[in-house]
Amino acid sequence: MTSTDPNLVSVTLNGRTIAATKGELIITAAERHGEYIPRFCYHERMDPVGMCRMCLVEVDTGRGPQLTPSCMVTVAPDMKIDTASPMVKQVQEGVLELLLANHPLDCPVCDKGGECPLQDQAFSHGPGESRFVEEKRHYEKPIAISDLVYLDRERCILCDRCTRFADEVAGDALIEFSSRGGNTQITTFPDEPFASYFSGNTVQICPVGALTAKPYRFKARPWDLEQNESTCTTCSVGCRTIVQSSRDQVLRYQGVDSAPVNWGWLCDKGRFGFESVNSDERLTTPMVRTSGGLVPTSWSAALGAVADLVRESIAAGGADSIAVVGGARGSNEDAFAWAQLAHDVIGTPNVYAQMGDGLPAAVLGLDRATIDDVASATTIVLLGPDLKEELPVLYLRIRDAAVKRGRHIIEFTPKPGGLTKHAWKTIGYEPGTQLAAVEAALADPAVAMQLAKGPVAIVAGRANLAETSTATVLALQAILAAVPSAKVLPALRRGNVVGALQVGVRPRPGGLDTTGVLQAAAAGRIECLVLLGADPLADFPDADLARRAIAGARRVIAVDTFLSASSLQADVVLAASAVGEKGGTTTNLEGRVTSLGRRVTATGTSRPDWMIASGIAGLLGTEFGYRSIADVTASIAARVESYANVTATAVASAPDGVLAAVPADLGPLVPPVLSLPDRNSYDFRLVVSRRLYDDAVSTRTSPSLAHLAGCMTVHVNPLDIERAGAHDGAEVRLSSARAGIIVTVESDATVLRGTVWVPFNQPGSTIGELIDCTAAVTDVRIENI
Amino acid sequence: MVAVSGHVQRPGVYEIVNGTTTFRDLIYGQEFCGGIRNGNQLKAFVPGGGSAPWFVPDQLDLPFEGRLVGAAGSMLGSGAVMVMDHTTDIPAAALTLTRFYAHESCGKCVPCREGGTWLERILSRVVDGKGTEADLDQLLEVGAMICPGAFPHASSEELGLEAVPFPYKMTTICFVGPSAYAPVHSALTLFRAEFEAKIVKRTMIPVTAMAGGEQ
Amino acid sequence: MGYFEGFGVTMRQHRLFGGKRVTTSYSGGRQAKKGKIHGRDEKIDKPERLHGRHVLNRYEDGMEKCIGCELCAGVCPAKCIYVRGADNDPENPTSPGERFGFVYEINYLRCIHCDLCVEACPTEAITETKMFEFSFTDRKDAIYTKAELVVDDSGKPQRLAWEDWRDGEDEHTSGWMRATSASGDAHFIGEVGWSNELGYGLRQPEAKQLEADRSKSVRVLSRNEGHQ
């Protein structure tokens, strides 16, 4: 080696000299140089354990060749590695024979059969025949270790991948080895299922068919599957996935290891939520309201009706009386075509992709952090929702940064959550007092010193739906004023909300945001309200306003995949295609644009949103001229400044996506003045936030996930329960200035004193009744009944 | 300090001089164990705990010295000497030790977890008189999956065996896996006849005789 | 049939050598030479290895052998097999183990009778009969379902109305399968891998193979002791 790069180590691999990187494991160095070493327990995203002994190679460091687990030992100068010596072959065959000794060989009925690392490596490195004639170990065939995962202990080779994942990566150490020797097995703890939000990953990384996922169990054989790479749009993290289908039905999502995003992991909601695509409840045709209610109709009739409604509305109240809310569900192309239709064809400025539960769109104009920026920042400031519940894979990345990479988390929260135990400092605040909490923290010399140590990244989002975003924005500005170099990652939740806002689904000057639109509709000033995959009745925090708005809008047009509570009230419902049925691109919260894979035929006659927008525009006299989705992608690149580099070719050739530029035209982040009422000492300040599983239509229509949603209870600090005169499990009346609801009390020590926490949109939820979206905060009173 | 157990007059813990005291001194010396019980003959002894390969009377004059014991094909290990007299059922003694190590296996790495259990199962079949000739070779083959390459054993003048010195290669993380194999290997190498006496003699049927065509 | 023998057939039938254009001497393979048509409505004798219509076998206790693994469907070059598995009812199982073949369909308009399905089958559930005389008037009838494919209580193929069965034709439901199977190691000729029979009826090894086997100097021991 003539190289003088201090990070390179020269080692001999099977007789040839290779340059390995310092600190690199033998197994990865060898693989990079074309020598695949078989392995079962080693996984590149987890710490090595050296348990399976499959990766033993002979390494000579001057003392003669020694059998060395290549997944445990890093390269050292002048190491001589032999991965193919007769001794190594003998060991590989021996280990495989031992692994197969008690393996049931029920490959024909095993879901893993055909894509099984054990099967593959038995073929490539195994002895071909077993000498084990004894009776094999027997256990009860698959036992459910959670609602989603089955464990077949006979097939298990005890590689420690699932248990390591649960402990190391997910932080939910709910599965563990029990017993020992030949009786070792994986078990859950008594009365405690493996109820992790990330349990599906263990199924994906299981090197045998021991762990199987209920939604995919016996659904297809691997050779039946056809697949496309795609992006999960369940939340805005934008995890890369492989969508697999058989016989035109989406059957499985697998995580793809995208280094800057998801590292191969998916949350269970993203992994199993595809079931809603196959749901029988999907809208198959457009519908129009007649005297007999909503009846199916043809596309030409429905689009004609929409065009007529739009023309009538413009004639009656001007273009301003038309409003479009939603658009965060689809692709960039869908959002762009609708923004074009609304702004350029109809001419209304009232377009908004958020549903009153995010932050002002101007946060997207701040210096944007990528997920990698956040994970590598010296200090990570959390000023937003519980990431484990809302952006689960971002939680995994930040947890990894804190646990394994020693990053310091400063968390500001009204309700401690998933990252609290990994935070260097958790500062609880009562809703509305974010600014005071931030100012106090910044005055703390320890915090100031920590912030000065290195790069700072802020994850900012909406932690509480029962208050306006004002206080959060003020707090964010205070941190940015103290640390001007800090980068911001917007923790907005909906799949493509960042993309929709960036390509134009946001108000033009003088336009209304969603709250404004709904207020105008409730006041009778909206002639035509277009719900673009939006369901205000379920999703808008202020239930009363949503109801009055839907009732007050003269006409409602819904573009939806399901008949949601809101689209049931629409005059025209246009059936939209779901993810997996359409291509295009999507933008994640970093601004990373990745491709969506079209895998199956659209349900019924449903169409992608961009095609619907383009059809309506045509009927209104403007031809967009889009013949395929590629035309729309090209149009975005040509017409949206920040997407100039995001061409279809660029996205297709970059597996990890293309970062769109930070939009420059979003205006300054100006919060309205905060007028915070004092809290009456008998009252509690209400915190409402989401859980991963809720009553959202895509969860409700996924059979495996539907029953995972909880129910609405009011979580109260145990010390406060007594003060309120209630007890754990009691039914109480929870009332705000708006209304009162009956709800069960749940004692929860993580809830801060003086506040109560209620999950949003759980089945049967009525918490929206208490929320006034214009009030700075919501105070509630607990009364016994 | 060494702990002597087994068929000696006075089992117990004895203080010895490292490097000069020999195994003969320890087993037969009056200040130590005082000889084999009932005046029986020494058959074999384990010099350094259950995980050590066995010695036979040929090695009695070795002193307690790690390097020399290693060269002779075993180890001093934990300093627990187990003495077996001529009444000992060697396969059964090996099974006792192997069963112990198979049970002690933590189950973490594959060769120990699966190999130890497998060894125990074959050996117990042999001890029960249900083994076959092939089982004896199978024991060594399973052992080779735990410890590939030459495994140390003592020399034996009677059998014309040269000693194979320590150490061995192993595929496991720790020494529990090889420990399950050590007694099997020593017993089979030094006392194969005793195993053969236990196995069932069968006539092997050539495969063609079973083909339908030769009915 | 060796290359030269086959080439000989080609030469013999050539016009220059007074051939007859029609390959009578190879109409149906080697066995056909021995076969003769006995009368107007008689069938020619079929070679032992002829691949005909499939059957789905059962164990002696009546349990179905098919476990619904779809390996046959996966290997089928004509894509004519459609299989769906389902979970066995533990109280009243259809097959031993976890799964059974719930749907099993073969489209005989596509099937090329290559027998790859038979080789792929891990439980010897699917084998072929010598039945080749069947025809349909409706394309849908060409899709045999599980109800038609599964053998009757005696283990013999069902004699379906539109098939031309003659007595004795159902004695064997498969020919010499192991000889061509992937694990058909010549050392194990005559020794049936898992079951005593492949489909219905025990068969003799073919004469030439038996001789070849006898002449082998190495006599290999049985892997499956106690097997007769």
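Q: Among contacts in chain C between residues at least 6 apart in sequence, what percentage join residues at least 24 apart?
A: In this predicted model, chain C holds six helices and five strands, which follow one another along the sequence in the pattern α-α-β-α-β-β-α-β-β-α-α. Among the contacts in chain C between residues at least 6 apart in sequence, the share that joins residues at least 24 apart is 69%.

Q: Is Glu64(C) buried or exposed?
A: Glu64(C) is found in the loop between β1 (54–56) and α3 (71–75) of chain C. Not counting residues up to four places away in sequence, Glu64(C) touches several residues, among them Asn57(C), Tyr59(C), Pro96(C) and Val150(C). Buried means under 20% relative accessible area, and because the relative accessible area of Glu64(C) is 13%, this residue counts as buried.

Q: Which side chain is joined to that of Glu64(C) by a polar contact of 2.8 Å?
A: The residues that Glu64(C) touches, leaving out those up to four places away in sequence, include Arg58(C), Thr94(C), Ser95(C), Gly101(C) and Lys146(C). The polar contact of 2.8 Å joins the side chain of Glu64(C) to that of Lys146(C).

Q: Which exposed residues does α13(A) carry on the face turned away from its buried side?
A: Helix α13 (residues 445–452) of chain A has the buried residues Val447(A), Gln450(A) and Leu451(A). These residues lie on the same side of α13(A), because they cover an arc of only 100° around the axis. The face of α13(A) turned away from this buried side carries the exposed residues Pro445(A), Met449(A) and Ala452(A).

Q: To the backbone nitrogen of which residue does a side-chain oxygen of Asp444(A) reach, at the start of α13(A)?
A: The buried residues of α13(A) pack against a set of elements of chain A that includes β19 (408–413), α12 (434–443) and β21 (456–460). At the start of α13(A), a side-chain oxygen of Asp444(A) comes to within 2.9 Å of a backbone nitrogen, which belongs to Ala446(A).

Q: Why is helix α4 of chain A largely enclosed by the rest of the structure?
A: The buried residues of α4(A) include Cys162(A), Phe165(A) and Val169(A), and its buried residues pack against β8 (175–178), β9 (185–188), α5 (199–205), β10 (211–213) and α11 (392–403) of chain A. Helix α4 (residues 161–170) of chain A is largely enclosed because, of its 10 residues, the number buried is nine.

Q: Which strands stand at the edges of the five-stranded open sheet of chain A?
A: The five strands of this open sheet are arranged in the order β2-β1-β5-β3-β4, with mixed pairing. A strand at the edge has a single partner strand, so one side of it is left without a neighbour in the sheet, and this applies to β2 (16–21) and β4 (65–69) of chain A.

Q: What is the bridge partner of Ala3(B) in β4(B)?
A: Chain B has an open sheet of four strands in the order β2-β1-β4-β3, and its pairing is mixed. Within it, four bridges join strand β1 (residues 2–6) to strand β4 (residues 80–85) of chain B, and the two run parallel. In β4(B), the bridge partner of Ala3(B) is Ala80(B).

Q: Which backbone nitrogen does the side chain of Asp728(A) reach at 3.0 Å?
A: Asp728(A) lies in the loop between α24 (718–723) and β31 (731–735) of chain A. Leaving aside neighbours within four places in sequence, Asp728(A) is in contact with Ile721(A), Val745(A), Glu746(A) and Ser747(A). The backbone nitrogen that its side chain reaches at 3.0 Å is that of Ser747(A).

Definitions and conventions. Residues are numbered from 1 along each chain as its sequence is written. Chains are lettered from A and ligands numbered from 1 in the order in which they are written. This is a predicted model: local features need pLDDT of at least 70, side-chain atom pairs count only at pLDDT 80 or more; totals for chains, interfaces and linings use all residues. Side-chain values use heavy atoms; hydrogens and water are left out. Buried means under 20% relative accessible area, exposed over 50%, partly exposed in between (1.4 Å probe, protein chains only). The arc is that of the directions from the helix axis to the C-beta atoms. Contact means heavy atoms within 4.5 Å. A polar contact is a pair of N or O atoms within 3.5 Å; within protein, one must be able to donate a hydrogen and the other to accept it, and residues adjacent in sequence count only if both atoms are side-chain atoms. Two strands pair if DSSP finds at least two bridges between them.
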